[in-house]
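Here are my notes on this one, point by point. Have the model open while you read.

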Amino acid sequence: MLVAGLLAFPGAVPNAVGNLGSLLETFLPWGGLAVPVLMVLALLRRSATAMVSMLFPVAVWAALFGERLSPADRGTSHDLTVLQHNVNDENPDPEGTARALTQAGADLIALEELMPDALPVYEAALAPGYPHRTVVGTVGLWSRYPLADSRPVDIRPVEVTGDWSRGLRSTVRTPSGDVAVYVAHLPSVRIRLPDGFGTGWRDESAAALGAAISAEELDRIVLLGDFNSTLDDRGLAPVTSRMTPAEEGFGFSWPAAFPVARIDHVMTRAATPVATWTLPATGSDHLAVAARIKL
């Protein structure tokens with residue numbers, strides 16, 4: 001019953017001590033792994049009551065995540081295909097990564113962790129198929145369609161100093177009309193003593209991003225980025241409360257070697273995500289996330 005309660009009401013766990021609530025929400029789908037463990041204990045106890053009680057967490061998990069197990073329909077009518085990828089500042093093969101991204105057939109490609117020495121490699125590889133691009137700090141947007149009114153978006157936490165620019169906004173002139181496209185890379189989180197799950201900078205950055213989206217004058221928005229947060233994490237509420245996420249399937253994107261959480265996202269406003277999926281691994285420690293959008 002405790003497992004069922006935590007799955008159904010993770011918001012009841014406070015963040016006052018070590019941000020335990022956000023930590024639980026980050027890995028919430030994996031809470032279902034408690035069920036087979038409890039089932040083994042019930043069998044060892046030979047307890048019919050314990051076995052019947054398994055129905056509660058199973059039902060809660062199925063209600064929350066069962067729909068994500070259905071296969072994606074990528075043939076659904078759409079107007080725009082977008083791709084988002086944290087390419088990793090230590091990527092040993094930026095050229096191979098860029099080549100893999102161009103083969104995905106997206107109309108827009110958003111990249112994070114663009115380092116100065118690797119940027120020319122991405123620019124050269126993406127230019128033939130994506131003649132329009134804008135780069136701000138370590139984030140960039142490449143487009144098949146013309147870009148206008150490109151500018152930085154200030155999502156810097158107050159305590160962060162130095163050269164730190166990880167947000168941009170641009171108007172994409174699509175055949176279906178103008179779309180405001182945001183690219184953002186929120187600060188990383190760490191689990192360490194005595195702080196616990198350190199999300200302060202990320203949460204502050206999410207609040208700034210949410211405010212920028214709220215002030216956007218264009219109705220249609222596409223938001224792409226590495227938010228170092230899952231959709232269930234309350235720390236991302238300033239953004240998720242204003243946007244519709246592409247969340248079909250689990251789509252775990254990090255770490256690439258054995259993905260356990262989806263922290264890379266595509267979100268929309270006044271537009272509908274109709275399919276989303278992850279791409280095969282590149283030289284990054286993240287998987288690229290793609291989505292099709294109906295405008």
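1. Start with the second largest pocket, which is lined by Leu 64, Glu 67, Arg 68, Ser 70, Leu 231, Asp 232, Thr 240, Met 243, Pro 245, Glu 247, Glu 248 and Gly 249. By class that makes four nonpolar, three polar and five charged residues. (Ala, Val, Leu, Ile, Met, Phe, Trp, Tyr, Cys and Pro count as nonpolar, Asp, Glu, Lys and Arg as charged, and the others, Gly among them, as polar.) Its volume is about 280 Å³. A pocket here is an open set of points on a 1 Å grid over the protein atoms alone, with protein on both sides within 12 Å along at least five of seven lines; lining residues have an atom within 4 Å of a point. Points are joined across faces, edges and corners, and a volume is the space filled by probe spheres set on them.

2. Before going on, a caution: this is a predicted model, where local features need pLDDT of at least 70 and side-chain atom pairs count only at pLDDT 80 or more, while totals for chains, interfaces and linings use all residues. Residues are numbered from 1 along each chain as its sequence is written, and side-chain values use heavy atoms, with hydrogens and water left out.

3. The largest pocket comes in at about 470 Å³. Among its 25 lining residues, Ser 188, Arg 190, Asn 228, Trp 254 and Ile 263 are the closest to its centre. The lining splits into eight nonpolar, 10 polar and seven charged.

4. There is also one cavity of 30 Å³ or more, a cavity being a set of points where a 1.4 Å probe fits but cannot get out. The largest cavity has a volume of about 130 Å³. Which of its 14 lining residues are the closest to its centre? They are Arg 68, Thr 230, Asp 232, Phe 250 and Arg 262.

5. Now have a look at helix H7 (residues 119-126), where Leu 119, Tyr 122 and Leu 126 are buried (under 20% relative accessible area, 1.4 Å probe, protein chains only). Seen down the axis, the buried residues of H7 fall within an arc of 65 degrees, so they line one face of the helix; the arc is taken from the directions from the helix axis to the C-beta atoms. These residues pack against helix H6 (94-102) and strands S2 (108-112), S3 (132-136) and S4 (139-143), with contact meaning heavy atoms within 4.5 Å. Helices (H or I, at least four residues) and strands (E, at least two) are DSSP runs, numbered from the N terminus.

6. Finally, the unreviewed UniProt entry lists residues 83-286 as "domain: Endonuclease/exonuclease/phosphatase"; such annotations may be inferred rather than shown by experiment. The span is 18% helix and 34% strand, with its end C-alpha atoms 13 Å apart.

Definitions and conventions
Buried means under 20% relative accessible area, exposed over 50%, partly exposed in between (1.4 Å probe, protein chains only).
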